[in-house]
Amino acid sequence: MRPVRDAIAAATAVLSEAGIDAPRVDAELLAAEVLGVPRGRLGVVRGFDEAALTRFTELIEQRATRRPLQHLTGSAPFRLREVAVGPGVFIPRPETELLVDWGLARIAGRSAPVVVDLCSGTGAIALSVAEEHPGARVYAVENSPEALAWLRRNAGDEVVVVAADATDPATLSTMDGQVDLVLCNPPYVPDGTPVPPEVEQDPRPAVFGGPDGLDVIRKIIPRAAGLLRPGGWLGIEHDDSHGAAVPALLRAAGGWSDVSDHGDLARRPRFATARRHRPAPAEPAPMTLADFTS
Ligand SMILES: C[S@@+](CC[C@H](N)C(=O)[O-])C[C@H]1O[C@@H](n2cnc3c(N)ncnc32)[C@H](O)[C@@H]1O
């Protein structure tokens, strides 16, 4: 029996040597996975038996090749839940949880808001909204067949999966003008930007958004404009270099008010938001002589 503490210390050294950002965290999470306990309970486990140690060593070796941790555990935490992940689908990132926070605040108090998650991937955004705002009717739009397989697996009957191009004017067009909230974490990294080895294992079309990173965002804005009811809200995640560009695109498009940009926990620009114009209240009709004589 190998004591847990010793095995984790040795694994941490291997992962550190491989350039992993938080080697001890990853070693502990993989140990917890193998031992079938929450990470916080590792201290009460007697140790690794031979089979468990072999499995742990294999996982650490794979992680040392920079295979994403979430591909090894098969899931990624996102807000209150875990979503199933693996090759073919983008691994949800913690910073996107802030976009969901913002979106939930926009629909607070509405009994049955209609919410659309464009570029849904695993469905992390859509599923979080469905779970955290009971009564919301949530649609998750995704166009990659590989990602759709993961999305359907995660979605169950909690959200409606829509296999479609999120930028196509025909997508969900029967709901045009009726949607309360559109959330979107599209591919937005400018082509050619160096990314860590783990990100290289996310599907390319999930990560890169053309020469300036804005190819998909440019086309999402008009689709969101079509979907939203007057007064409905849009939130789009973007690259940290886009803190001015995405709000500028929204202002230039017209038909939006309350355009602003929001930082992540590291205060990097992370998502832009805007509200679909509400029609101005109708002007009272000018009075005529008849108003005084009738
Ligand atoms: C950055 S990932 C985000 C996934 C998920 N929303 C999240 O936050 O974890 C972008 C996703 O958009 C999908 N995608 C890219 N272009 C799309 C398009 N035109 N229509 C629908 N989905 C698209 C990709 O396949 C990928 O799953």
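Predicted model: local features only at pLDDT ≥ 70, side-chain atom pairs only at ≥ 80, totals over all residues.
**Overall**

The protein has 12 helices and 9 strands. Taken along the principal axes, its C-alpha atoms fill a box of roughly 100 × 40 × 35 Å. Of the 294 residues in the protein, 49% are buried. Contacts between residues at least 6 apart in sequence include 61% that join residues at least 24 apart.

**Two helix pairs**

Two packed helices are described by the angle between their axes and the distance between the axes. The table gives these values for the two pairs treated here.

| Helix pair | Angle between axes | Axis distance |
|---|---|---|
| α1 (residues 4-17) and α2 (residues 23-35) | roughly 130° | within 8 Å |
| α10 (residues 215-227) and α11 (residues 245-253) | about 40° | 11 Å |

At roughly 130°, α1 and α2 are therefore oblique to each other. The crossing of α1 and α2 is right-handed. On the α1 side the contact involves Val4, Ile8, Ala11, Thr12, Leu15 and Ser16, which meet Pro23, Arg24, Asp26, Ala27, Glu28, Ala31 and Leu35 of α2. By class, the residues of this contact between α1 and α2 are 8 nonpolar, 2 polar and 3 charged.

For α10 and α11, the crossing is likewise right-handed. Ile217, Arg218 and Ile221 of α10 make the contact with Val246, Leu249, Leu250 and Ala253 of α11. The residues of the contact of α10 with α11 comprise 6 nonpolar, no polar and 1 charged.

Which residues of α11 are buried? They are Val246, Pro247 and Leu250. These residues cover an arc of only 100° around the axis, and therefore lie on the same side of α11. An α-helix has 3.6 residues a turn, so residues three or four places apart point the same way. Arg251 and Ala252 are exposed and sit on the face of α11 turned away from its buried side.

What do the buried residues of α11 pack against? Their partners are the helix α10 and the strands β7 (228-237), β8 (256-263) and β9 (269-276). Val246 and Leu250, buried in α11, also belong to the contact with α10. After α11 comes Gly254, with a positive phi near 75°.

Note on methods:
Residues numbered from 1 in each chain as written. Heavy atoms only, no water. Axes fitted to C-alpha atoms, helices over the stretch in contact; angles between N-to-C directions. Helix = DSSP H or I, 4+ residues; strand = E, 2+ residues; numbered from the N terminus. Parallel < 35°, antiparallel > 145°, perpendicular 65-115°, else oblique. Left-handed = near helix turned anticlockwise from the far one by under 90°. Contact = heavy atoms within 4.5 Å. Nonpolar A, V, L, I, M, F, W, Y, C, P; charged D, E, K, R; others polar. Buried < 20%, exposed > 50% of the residue type's maximum accessible area, 1.4 Å probe, protein only. Arc of directions from axis to C-beta.
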